[in-house]
Amino acid sequence: MLCGLFMVWAVFSGTAFGSEDNSRAGTRVFNFLKIQIGSRATAMGGAFTGVANDESSLYYNPAGIAALDGKRFWAGYHNNIFEMQSGFLGYIHPIGQSRKIGLYIDYLNYGDLVRTDINGIEDGTFSGSDMLFGAAYAMEVAPQLSFGGAIKFIYEKIDTNLATGFAIDVGGKYTLGDERTSLGLMIQNLGMQLSAFTDGGEKYPLPLYIRGGASSYLKGLPLLVAGDLIFPTDNDIYFSLGTELLNLKPLYVRLGWTNFGLNYKTGSSKDDLAGLSAGFGVEYRRMQISYAISPQSELGTSHRITLSGGFQ
């Protein structure tokens, strides 16, 4: 069991296989909150705080859902590294001309892990899972300015041990007068652990993030470009860059990079792709199906597929 728990911690700590140590790494609970959601944003390197113009705004900047038209849905599957599986399901509903509410569920299953006793002798398998239930609200306070927030209840289980938590996200988005450039700011996972894995056990802080981002539809070029600067409380500051090619509609081609990928490098031949991501989306009527691939050096490669769209 100890080996399995170490593997789970190592994956989410972010620097366990990195070339540099950080004393804050591994000091937070509910680290599945760090896993990016949605194929489009992931393919763009996670640089989406300033974009925030589709259903994945529920995760990256809830202020962005205020400008979405009609009713929206969002569903996806993530084939993660180490045979971990995750997915999400979300719905956005208008409650006025400039106000929206959203509900979503996010889950992660660790798969089977080997249980060992104190002497390292194998004794069957165990598993673990995480689940998040979120509710969001956003409104346009001016034609080019919106604010939003989300309340999240968090549940985590490893073998027979349970823990719960509570968090909020708050964000804002401002579109410049050229209507091509947007700025976003978000505080993510501001909350606390409500119950520990064991009775009377120590409670730990959540992985708090402050995200700032900008995006622009380039004048004269069929490109959306975006960049995010992320301040995590349990790691070093890092940034993400992304782009989306728009002139092949109904096909969209996406590419991204984040220097957080440097943490996954181990000196192997696979290091060159660490931090890169790519993907595409195909539109049909009011729906879009998107795919993203994210190599993570020796840890493996993750794949995401997302279906999103709107209906009356």
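Modeller: Gladly! Let us begin with a rule: two strands pair if DSSP finds at least two bridges between them. Please keep in mind that this is a predicted model.

Colleague: How do you know that strand 8 and strand 9 pair?

Modeller: Strand 8 and strand 9 (residues 181–195) have eleven bridges between them, in the antiparallel sense. The rule asks for at least two bridges, so the two strands count as paired. As an example of facing residues, K173 stands opposite G184 in strand 9. Strand 8 and strand 9 form a hairpin with five residues between them, and in that turn E179 has a positive phi of about 60°.

Colleague: What makes strand 7 and strand 8 a pair?

Modeller: Strand 7 (residues 145–158) and strand 8 (residues 161–175) are joined over 14 bridges in the antiparallel sense. With at least two bridges required, they therefore pair. Here L145 stands opposite Y174 in strand 8. Strand 7 and strand 8 also form a hairpin, with two residues between them, and D159 in the turn has a positive phi of about 60°.

Colleague: Which secondary structure does the protein chain have in total?

Modeller: The protein chain has three helices and 16 strands.

Colleague: Let us turn to a single residue. Why is A43 called buried?

Modeller: Buried means under 20% relative accessible area. A43 has 0% relative accessibility, so A43 counts as buried. A43 is found in helix 2 (residues 39–43). Over the protein chain, buried residues make up 49% of the 312 residues.

Colleague: What is A43 in contact with, leaving aside its neighbours within four places in sequence?

Modeller: Contact means heavy atoms within 4.5 Å. Beyond those neighbours, A43 is in contact with several residues, including R254, L255, G256 and A292. A43 and F280 are 237 residues apart in sequence, yet 7.7 Å apart in space, C-alpha to C-alpha. In the protein chain, 53% of the contacts with a separation of 6 or more are between residues 24 or more positions apart.

Colleague: How do you know that the radius of gyration agrees with a compact globule?

Modeller: For 312 residues, a compact globule would have a radius of gyration near 20 Å. The protein chain has 19 Å, so the value agrees. The C-alpha trace spans about 65 × 45 × 35 Å along its principal axes.

Terms used
Residues are numbered from 1 along each chain as its sequence is written. This is a predicted model: local features need pLDDT of at least 70, side-chain atom pairs count only at pLDDT 80 or more; totals for chains, interfaces and linings use all residues. Side-chain values use heavy atoms; hydrogens and water are left out. Helices (H or I, at least four residues) and strands (E, at least two) are DSSP runs, numbered from the N terminus. The radius of gyration is taken over C-alpha atoms; the globule rule is 2.2 Å times the number of residues to the power 0.38. Buried means under 20% relative accessible area, exposed over 50%, partly exposed in between (1.4 Å probe, protein chains only).
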